[in-house]
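These are my notebook entries on a structure that was new to me. I set down what I looked up, entry by entry.

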2 protein chains.
Amino acid sequence: MSSKSTVSISVIRRLPRYYRFLGELKREGINRISSRELSERMGLTASQIRQDLNCFGGFGQQGYGYNVVSLHEEIAHILGLDLHHNAVLIGVGNLGKAVATLDFEHSGFHLCGAFDHAPGVVGSSLVGMTVLHTDTLEAFCETHRPTTALLCVPRTAADALSKRLILCGVKAFLNFSHYDIALHNDDVIVENVHLMDSLMTLGYRMNEKRKMD
Amino acid sequence: MSSKSTVSISVIRRLPRYYRFLGELKREGINRISSRELSERMGLTASQIRQDLNCFGGFGQQGYGYNVVSLHEEIAHILGLDLHHNAVLIGVGNLGKAVATLDFEHSGFHLCGAFDHAPGVVGSSLVGMTVLHTDTLEAFCETHRPTTALLCVPRTAADALSKRLILCGVKAFLNFSHYDIALHNDDVIVENVHLMDSLMTLGYRMNEKRKMD
């Protein structure tokens, strides 16, 4: 099933959630689900679900519902979870250590190296790898050709490191720093995870709710 | 300046970013900026910026631009960064430790307690606090009345813990687990930070880009 090229980013961002819910249904031994039932589980409307899935060519049959196993597989395929983009972790502080334990193999990535510059961190062990010094980044990339970097460094270090990584052939970033990589580099793909922004948004929503109550 | 009650969530999610960029301009000693200049800095269109800020009653004057200091302050006020919602951190693994070092005081929150159940973690020191056992959560909440929880526990623990927290009066969650708190509790506010979803979205975008290149 081929995807249309103009799928909006908000639909794409919902796909991992569909994937997760379908995985649960699968584990529960449920083989078939209607868009109405799925909507109740996921807290979306049935029409939203039909619209979202139609973006990828339409699954399911009227009056029959969705086949859980095949929809789960199709979404895995759409997301490219069967691929293995080589990724490097940059910055092995607490956040970097948490990121290192993500389930890369089921996300379409392969974590092939981890880098830091702090004595005591360099040389330590992390998910079966030895943390390397950032000085050796270029040599490592020459050999392993990572296309993705998981950037877990402070904002002040992110500018120089992201430039070096791009020169090394990195084309995509999971960016936890508040440095705006995409703004300075047109050609790279950046997913930002900004914890401070999420916290501020939560505060805003709490204040708004209090005004309405 | 009063905010309209129907500001869309996507506008709200952009506010912390405006706040950050305006903070930078302030530090650089820039007093005034046009929506065009701001748009170049932020990688948004000038019309998007004008539309976004108009949601909150409109700032700036035609032909004059925005006053950086006062717009920065207004956005801080809109976001409620001058407030101090009491927050507890639940789960002091690597992710919890990273979350503990966020700049709460400038985000509208006050971190008043941290909880875990693992021996060796309970009793340890974290950003000036002693990590408490989750068994003491109810007693602690009775005294400190936190309204917010930063949930850094695995999915399997999130269901029971979020229910306990809600019974303790917690009304808002920064949720890192893949458990869907909002789905099971209508009345709470949840900001989800799902690292796996961000990783999968990144992979999808990489694959799409490769198809087009």
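I note at the outset that the model is predicted. I began with helix α2 of chain B, which spans residues 35–42, and found B:Ser35, B:Leu38, B:Ser39 and B:Met42 buried there. Looking down the axis of α2(B), I saw that its buried residues fall within an arc of 105°, so they line one face of the helix. On the other side of α2(B), I found B:Arg36 and B:Glu40 exposed.

I asked against which elements the buried residues of α2(B) pack. Within chain B these are α1 (9–27), β1 (32–33), α3 (46–54) and β2 (66–67), and chain A contributes α8 (181–184). I also looked just after α2(B), where B:Gly43 takes a positive phi of about 70°.

I looked up the largest nonpolar core and recorded 108 residues in it. The residues with the most contacts inside this core are A:Leu89, A:Val99, B:Leu89 and B:Val99. For B:Leu89, setting aside residues up to four places away in sequence, I listed its contacts, among them B:Val99, B:Leu111, B:Phe115, B:Leu126 and B:Cys152.

I laid chain A on chain B by a turn of 180° and a shift of 0.0 Å along the axis, with an RMSD of 0.0 Å. The two copies are thus related as by a two-fold rotation axis. Which residue of chain A comes closest to the rotation axis? I found A:Asn94, with its C-alpha at 2.4 Å. Finally, I noted that 100% of the interface residues of chain A are also interface residues in chain B, so the copies meet through the same surface.

Key: Residues are numbered from 1 along each chain as its sequence is written. Chains are lettered from A and ligands numbered from 1 in the order in which they are written. This is a predicted model: local features need pLDDT of at least 70, side-chain atom pairs count only at pLDDT 80 or more; totals for chains, interfaces and linings use all residues. Side-chain values use heavy atoms; hydrogens and water are left out. A nonpolar core is a set of buried Ala, Val, Leu, Ile, Met, Phe, Trp, Tyr and Cys residues joined through side-chain atoms within 4.5 Å. Buried means under 20% relative accessible area, exposed over 50%, partly exposed in between (1.4 Å probe, protein chains only). Contact means heavy atoms within 4.5 Å. Helices (H or I, at least four residues) and strands (E, at least two) are DSSP runs, numbered from the N terminus. The arc is that of the directions from the helix axis to the C-beta atoms. Copies are superposed by least squares on the C-alpha atoms of residues with pLDDT of at least 70 in both.
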